[in-house]
Amino acid sequence: MLRLQGEQVESLWDEVLPVEVRELPRDLAQIDEALRDLRLLEPIVALWRETTPVGLVEGRPTIAMGMYVRLMVLKQRHGWGYETLMREVSDSLHLRRFCGISIDQRVPDESTVRKMTRRLGAETVAQISRNLIAKAERETRFRARAVRIDSTVVEHEPGAIDTTLGY
C-alpha cells in the first residue's frame, strides 16, 4: 500500500527542545519549502499504479514517499551511502525533522530505503529530480549555471575499424 505522507512530526518531546533545535537550518528550510509540493510525488504514484496488480490495494504500507524523497535529497547532497544516511538521520534532530521523522519514531532500515529505490527505478527518481528543478526555476529559487555531461572515451587500436560508429 503506497503512503505519500508520514505521521505528524511534532510530539510531546519536541516541547522540551529549544526553539533553535526545532527550526530547520536555513538551507534545509529552503529545500523543505520546495519539497512540500505533493505534485513532486506524481511520478511515484504513476509508477505504482502501473506496476501494482489490479485489485491489490491492501498490504504492508510503504515508508512515506515524502520521507523517501527527502532521504534521497540528503543522500545525494552529502554523497552518503545508505548506511551512513540512515545513521546520520538517526543521530540528527534537524535531519529527522527535515525528513518528517518524529523524535520518538524509528528511522527506516537502510535495506528498506535501498529496496524502495530499486522498486522505483532510476527513471522515476530522475523524473522527480527534473520536476523539482523545474519547480525551483519557475519560482526563481535558483538558476542553472552549468550542465554536467558524462563522456566516455574508448581507445582503439591504430588502424582498427570501428563498426559501431559506421566508419
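The buried residues of helix α5 are covered by elements that include α4 (65-78), α6 (93-99) and α7. This arrangement comes from a predicted model. The protein chain contains 7 helices and 0 strands, and buried residues make up 34% of its 167 residues.

**Helix α5**
- Helix α5 spans residues 82-91, and its buried residues are Tyr-82, Leu-85, Met-86 and Val-89.
- Viewed down the axis of α5, these buried residues fall within an arc of 90 degrees, so they line one face of the helix.
- An α-helix has 3.6 residues a turn, so residues three or four places apart point the same way.
- Glu-83 and Asp-91 are exposed, and they are carried on the face of α5 turned away from its buried side.

**Thr-124 in helix α7**
- Thr-124 belongs to helix α7, which covers residues 110-138.
- With a relative accessible area of 9%, Thr-124 is buried, because the cut-off for a buried residue is under 20%.
- When neighbours within four places in sequence are set aside, the contacts of Thr-124 are with Pro-43, Ile-44 and Leu-47.

**The chain as a whole**
- Along the sequence, the protein chain follows the pattern α-α-α-α-α-α-α.
- Among contacts in the protein chain with a separation of 6 or more, 74% are between residues 24 or more positions apart.
- The protein chain has an accessible surface of about 12,000 Å², and carbon and sulfur atoms account for 52% of that surface.

How values were computed
Residues are numbered from 1 along each chain as its sequence is written. This is a predicted model: local features need pLDDT of at least 70, side-chain atom pairs count only at pLDDT 80 or more; totals for chains, interfaces and linings use all residues. Side-chain values use heavy atoms; hydrogens and water are left out. Helices (H or I, at least four residues) and strands (E, at least two) are DSSP runs, numbered from the N terminus. Buried means under 20% relative accessible area, exposed over 50%, partly exposed in between (1.4 Å probe, protein chains only). Contact means heavy atoms within 4.5 Å. Accessible areas come from the Shrake-Rupley method with a 1.4 Å probe; for residues, only the protein chains shown count as cover. The arc is that of the directions from the helix axis to the C-beta atoms.
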